[in-house]
Every structure is written in structure tokens, then in C-alpha cells.
Amino acid sequence: MTQLSVPHLLGTQDLTLDDFNLIFETADNFKEIINRPIKKVPSLRDITIANIFFENSTRTRISFELAEKRLSADTINFSSSQSSVKKGETLLDTVNNILAMKVDMIVMRHASPGAPHFLSKHIDANIINAGDGTHEHPTQALLDSYSIRGKHNSFEGLKVAIIGDILHSRVALSNIFALKRLGAEVMVCGPNTLLPKFIGSLGVKVELDVFKALQWCDVANVLRIQLERQQIKYFPSLREYSLYYGINKSMLDRLDKEITIMHPGPINRGVELNSDVADSEHSIILDQVENGVAIRMAVLYLLAGARPEA
Amino acid sequence: MQKKLILDQNLLEITISRLCYQLIENHNDFSNSAILGLQPRGKFVANRIKDKLGLLLNKEVAMGYLDTTFHRDDFRRRDTPKKANETTIPFLIEDKKIILVDDVLYTGRSVRAAMDAMISFGRPQSVELLVLVDRKYSRDLPIQPNYIGKPVNTMQSQRVMVEWREQGKKKDSIWLFNNLDT
């Protein structure tokens with residue numbers, strides 16, 4: 001198989017196991033390319049991609065832009081803070097105006113869950129979801145699982161714990177869908193108030209004690225507390241959260257095995273992860289960032305390739 | 001489907017030997033030369049050439065594999081994207097005399113993509129092209145090989161297939177297929 005089963009990347013929920021493997025194998029090729037002296041290939045030179053960010057982003061946006069540039073695509077960047085969205089334009093109008101300028105692909109981040117799904121029903125371009133509210137962030141989950149694959153080779157029987165603010169995390173949901181599809185066992189761990197009510201229906205284990213979660217897992221994917229999404233208090237203070245859920249070196253030393261530490265960034269050092277853990281040899285946090293570019297190149301390449309010439 | 005044998009195992013071995021002697025004529029002891037097999041099928045030819053040169057020169061000749069998928073000019077112009085293969089170049093391209101190696105030369109588009117891909121790794125001193133089979137009068141681009149195993153006259157509807165023992169075939173052989181009735 002050389003083609004994805006979907007025309008858009010809206011979420012990892014829609015991807016088949018074949019899709020995952022194709023994306024990972026293509027990312028292997030791109031990873032080799034971005035380590036060459038000349039890191040650029042001309043594949044997407046006749047394609048224009050709009051990066052539309054209705055929400056703040058640094059690393060996802062830079063990563064997408066680098067991926068696009070290394071594939072020789074033309075890119076335009078749009079962020080809602082400097083745009084007509086402020087003047088009252090609807091999402092569909094904004095995007096249709098951009099498409100009228102002959103844009104082929106849209107990379108979009110939006111605060112509303114389902115925004116890219118809505119768009120995909122109304123427009124012709126390929127859409128990549130770069131995060132829709134608290135719903136999905138598929139490329140992050142792809143690069144997380146790709147990084148796990150790089151370290152552990154296989155997902156069969158692998159135990160992955162996702163620790164932190166599960167309720168507000170699109171990374172958690174996309175990771176759960178991806179890891180379950182790939183054959184891993186998944187556990188979520190966090191304070192009761194930060195676990196979604198129906199988390200059990202996703203077929204994951206739930207654990208409230210972070211040390212027990214660490215003892216169970218082979219890989220710990222630690223998430224940030226998303227204070228900006230929390231309208232009310234879910235726990236008394238950051239200090240208390242850090243005391244009960246922060247991971248430090250002495251906890252890892254007390255385990256009778258080595259586990260891999262991941263974090264999608266940005267890290268709040270001293271809150272969910274101590275520096276001695278984030279910078280330890282168990283951490284693959286910077287590998288995740290490098291893999292992010294290769295994964296995004298793979299997704300862009302595969303989606304663009306499937307699009308018949310107009 | 002009709003098929004016709006172009007080269008059998010014996011003749012193919014003789015052809016590889018001849019190509020190696022021709023290479024030695026131009027590249028002496030290969031001290032500043034290297035072979036680059038084009039993925040996916042040129043690598044079988046490159047392996048054979050490397051082994052034979054190793055025997056003749058009594059030394060290991062530098063060899064790598066080059067994948068051209070992302071440099072092709074037919075991306076988005078074919079129904080499905082091509083699957084990429086591994087690129088491994090365990091030497092510096094800069095200032096080397098490079099010999100690109102492929103099994104069949106047809107339109108010349110893969111070779112153009114290969115030259116494009118190769119330049120990403122550095123500026124070679126010179127580039128030559130070696131092909132096992134040259135399908136004459138079928139070029140879309142002004143590309144001609146320096147070393148030819150076997151020139152053949154073919155029609156557009158025909159297909160040339162090189163089979164190797166490495167691929168699980170009983171014997172090495174080169175076939176010409178008539179695709180008219182398929």
C-alpha cells in the first residue's frame with residue numbers, strides 16, 4: 001500500500017493500522033533526508049499550503065512550516081490575532097478566501113473541537129488538523145508513537161501511561177486512539193477532576209496514584225497542566241499538583257526497571273516533570289521534536305500525493 | 001503474455017565482467033571513484049558490479065544506494081505515490097567520480113531524478129551512467145549511458161524485466177514482455 005485511506009488527517013481515530021505503518025515508513029525516509037547536508041527535496045514544489053492558526057502555537061507551527069519548506073512547498077501563515085476573524089468573518093468565509101488564492105492544503109489549529117471536520121465537508125483542499133480544542137492533535141500522537149517505535153521497536157504488549165491533565169488534552173485523546181490501534185496497552189493517570197467522565201469507554205486503564213502508574217508502564221507520556229483551558233479550579237494549587245503528580249528522579253530510582261519518559265512540550269519544569277527527569281537519559285523529549293518534522297513531512301507528502309492533478 | 005529471453009545467466013555474467021573491465025579502463029583502481037545503485041532495482045546490478053570489481057581489483061570498491069522517490073517529476077501525476085526506499089551513501093560524494101548504476105534505461109526520467117537527488121549530498125567531480133539494458137529510441141530527456149550491458153530495440157507497449165536470484169528467482173535473466181494482450 002502506498003496511499004492513505006483518508007483524504008484528510010482529522011484525527012488518529014480515522015487511521016487504519018496500514019495508515020500508521022505507511023506514515024512511519026515514509027517518516028523513516030524523511031528522517032534520513034533531514035539529516036543530509038541539503039535537507040530539502042522538491043516533491044511538493046507545485047503545492048501551496050496555508051497554515052491557519054486560530055490558537056497560539058510555537059512548536060507545532062514551526063515544525064509544520066519546516067516540514068513544508070523541506071518538501072519545497074510554498075507556505076503562507078495566518079494567525080487569527082492579525083486577521084479579519086477579529087472583524088467578524090466566519091471560519092468558512094476565511095478559509096474560502098484563502099482557497100480562492102489557489103491554496104492546495106490547509107493545516108489548521110482551532111479552539112473548537114470538530115472545526116477541521118466541519119471544514120472538510122465544505123471545501124476541496126486537503127486538511128490537516130493541527131489541534132482542535134480538546135479533541136484531537138493527530139500529528140502529535142503520530143510523532144509520539146513514532147518515537148516510541150524508535151525506542152521500543154514494537155507496540156505489542158507495550159504499556160504506555162499518559163499522565164497529567166487528560167481532561168483538557170487533545171494529545172491524550174489522539175494518543176489513546178493511536179496506541180490502541182497499534183496494539184499497545186494504555187493507562188491514564190491524573191487527579192480525578194482532570195480525568196474525563198467517560199474515559200473508561202475508550203478501553204484504557206485508569207490510575208490515580210502516579211507511582212503505581214510508573215511501576216506499571218514501560219513508557220510514561222507526561223502532559224502539561226493546561227491552565228489556559230481551565231475556567232475553574234480542578235486542584236487546590238500547582239504546588240499541590242506537583243507534590244502528588246510531579247515526577248522526579250528519586251521516583252524513577254525506586255522503580256525496579258527503566259522507563260521511557262516523554263513529554264509533548266512545552267514542559268512546566270518543576271510541575272509535572274522535574275529537570276533531573278526531563279534531562280535524564282530516559283527522556284526522549286528532544287527525539288520527539290526531531291521526529292515531529294519527519295512525521296509531518298510524511299503526512300504532507302502522502303496526503304498531497306493522493307490528490308489527483310486538477 | 002509473450003516473453004522473450006534477452007540475456008540468460010551465462011551471458012549476463014559475461015556482460016557484468018565486460019562492464020567491469022570497461023569501468024577499470026576509465027577509473028583505474030577506483031581510488032577516487034564510487035558506485036551508486038539506484039533504488040529499487042539498480043542496487044542488484046550495483047551489488048554484482050561491486051563484487052566483480054572487488055575480485056578484479058582485489059579491494060573493496062565504494063558503493064551506495066540512492067533513492068530518487070522524492071525527486072521524481074511524476075509526483076501527483078500518477079494515481080498513487082511511489083514508495084520510497086532506503087538511501088545509504090557511506091562515502092563523501094564531494095569531488096568523487098560517481099557511476100550511477102541502474103538496470104533498465106527507458107525514458108531517462110529516473111536518471112534525471114537521481115542526478116538531482118545525488119547533488120543534495122555534494123558536488124561530484126564527474127558523473128557517469130551504467131545500465132544493464134538500454135531501451136533505445138525511447139528517451140524523453142537528453143540522457144545517454146556511458147556503459148551499456150545490452151542495447152535493445154523495444155516498442156512502448158513492451159516491458160523489460162530483469163530478474164535476480166536475490167529476489168528468489170532460480171536464475172538471473174532479462175526478459176522482454178509483450179504487454180499488448182494484457
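A salt bridge here is a side-chain nitrogen of Lys or Arg within 4 Å of a carboxyl oxygen of Asp or Glu. Keep that rule in mind, as we will meet such pairs at both stops of this tour.

Before you start clicking, know that this is a predicted model, in which local features need pLDDT of at least 70, side-chain atom pairs count only at pLDDT 80 or more, and totals for chains, interfaces and linings use all residues. Residues are numbered from 1 along each chain as its sequence is written, chains are lettered from A and ligands numbered from 1 in the order in which they are written, and side-chain values use heavy atoms, with hydrogens and water left out.

**Stop 1: where chain A meets chain B**

Show both chains. Across their interface the rule finds two salt bridges. To see a salt bridge, select A:Asp46 and B:Arg77, whose closest N and O atoms are 3.2 Å apart.

Next, select α1 of chain A, which gives the most to the side touching chain B, with seven residues; helices here are DSSP runs (H or I, at least four residues) and strands are E runs of at least two, numbered from the N terminus.

Now colour the whole contact (heavy atoms within 4.5 Å): 28 residues come from chain A and 21 residues from chain B. The two chains bury about 2100 Å² between them, 50% of it on carbon and sulfur atoms. Buried area is the accessible area (1.4 Å probe) that two parts lose on being put together, summed over both. Pick out A:Thr2, A:Arg36 and A:Tyr301, which supply 25% of the area that chain A buries against chain B.

**Stop 2: inside chain A**

The contact takes 32 residues from domain 1 of chain A and 29 residues from domain 2 of chain A.

How much area do these domains bury between them? About 2600 Å², with 59% of it on carbon and sulfur atoms. Select A:Thr12, A:Phe24 and A:His137, the residues of domain 1 of chain A that lose the most area to domain 2 of chain A.

Between the two domains of chain A the count is two salt bridges. Finish on α1 of chain A, which gives the most to the side of domain 1 that touches domain 2, with eight residues.
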